[in-house]
Amino acid sequence: MPSREQLAEHLDPATTCLLTVECQQGVVGPDSALPELAKEARASGALQNVARLVAAAHEAGVQVLHAVAERRPDGRGANRNARLFRAAGRLPVQQHSGTTAVRIAAPIEVADEDIVVRRLHGLSPIAGTDVDALLRNLGCRTLVVTGVSANVAIPNAVFDAVNLGYTAVVPSDAIAGVPSDYTPAMIRNTLALVATVTTTREVLDCWQSPRRATTRA
């Protein structure tokens, strides 16, 4: 774990962005296509912690991006080259563009200055999307990764961020996967090797500090 001073330096609001991953109604909401994952995201407190981080980011002037996974109703452009994609296409709830399934789920509040990035293909919230270009244009050096799932999209996001030269920060209590014991194992054995692992409380302490750096104009 980094020291308080090291973490605060990483999380300078002027050079930090917060990414929420697939925190959409059709994934973590009451009518989720993946009820086991939705239940875990809520029962573990991860979704509530994402909401707390988003609210604090808004207050501190940290740019928030929401990565949403979508699918055209006709399926054009969507992957079919893995069992996960084929199974998703048969689920009773589909993440169709323009539907409530792809809206950001409560209790997360989306501000006017937030950026929503939507993807129609692949596993990663970053690779093959506009996220990297947006982060660079925003002057981002540190990316805080939150959301679901610890099984697939979260590690994809962390690996992509690191490969692109960003410092990845993962609040361990603001991500979720299934089964419940998989997330801490993933963090301990994989994400901790490439990302700065911390907690929601520690991130909030950095952003709520009266001595924090000047935020973006």
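Let's start at Val162, which has its place in helix α7. Helices here are DSSP runs of H or I with at least four residues, strands are runs of E with at least two, and both are numbered from the N terminus. Before going further, note that this is a predicted model, where local features need pLDDT of at least 70, side-chain atom pairs count only at pLDDT 80 or more, and totals for chains, interfaces and linings use all residues. Residues are numbered from 1 along each chain as its sequence is written, and side-chain values use heavy atoms, with hydrogens and water left out.

The pLDDT is the predictor's confidence in each residue, from 0 to 100. For the protein chain its mean is 94, and 96% of the residues reach 70 or more. A contact means heavy atoms within 4.5 Å. Where pLDDT is low, the predicted coordinates should not be read in detail.

Is Val162 buried, exposed or in between? Its relative accessibility is 31%, so Val162 counts as partly exposed. The cut-offs are under 20% relative accessible area for buried and over 50% for exposed, with partly exposed in between (1.4 Å probe, protein chains only).

Two helices, α7 (153-163) and α8 (182-194), each supply at least two residues of the patch.

α7 has buried residues as well, among them Ala153, Ile154 and Pro155. What do the buried residues of α7 pack against? They pack against β1 (16-21), β4, β5 (167-171), β6 (175-176) and α8. After α7 comes Gly165, with a positive phi near 100°.

**Two nonpolar cores**

A nonpolar core is a set of buried Ala, Val, Leu, Ile, Met, Phe, Trp, Tyr and Cys residues joined through side-chain atoms within 4.5 Å. The largest one has 33 residues, and those touching the most other members include Leu11, Leu18, Leu53 and Trp207. Elements giving two or more residues to this core include α2 (25-28), α3 (35-43), α4 (46-60) and β2 (63-69). The top contributor is α4, with nine residues.

Take Leu53: leaving aside neighbours within four places in sequence, its contacts include Leu18, Thr146, Val203 and Trp207. There is also a second, separate core of 27 residues, which includes Ala150, Ala153, Ile175 and Ile187.

**Salt bridges**

Side chains of opposite charge can pair when their charged atoms come close. A salt bridge here is a side-chain nitrogen of Lys or Arg within 4 Å of a carboxyl oxygen of Asp or Glu. How many salt bridges does the structure hold? There are six, including these:

| Pair | N to O distance |
|---|---|
| Glu22 and Arg119 | 2.9 Å |
| Arg118 and Glu70 | 2.6 Å |
| Asp205 and Arg201 | 3.1 Å |

Glu22 and Arg119 are both buried. Glu22 sits in the loop between β1 and α2 and Arg119 in strand β3, so this pair ties together parts that are 97 residues apart in sequence. Arg118 is in strand β3 too, while Glu70 is in the loop between β2 and α5, so their pair ties together parts that are 48 residues apart in sequence. Arg118 counts as partly exposed at 44% relative accessibility, whereas Glu70 is buried at 11%.

Asp205 and Arg201 are four residues apart in helix α9, which means about one helical turn separates them. Elsewhere, Arg72, Asp74 and Arg76 are linked in a network of salt bridges.

Which peptide bond is cis, with omega near -5°? That is the bond from Val148 to Ser149, and Ser149 lies in the loop between β4 and α7. A cis peptide bond also joins Ala106 and Pro107, with omega about 10°. Pro107 is in the loop between α5 (83-88) and β3 (115-119).
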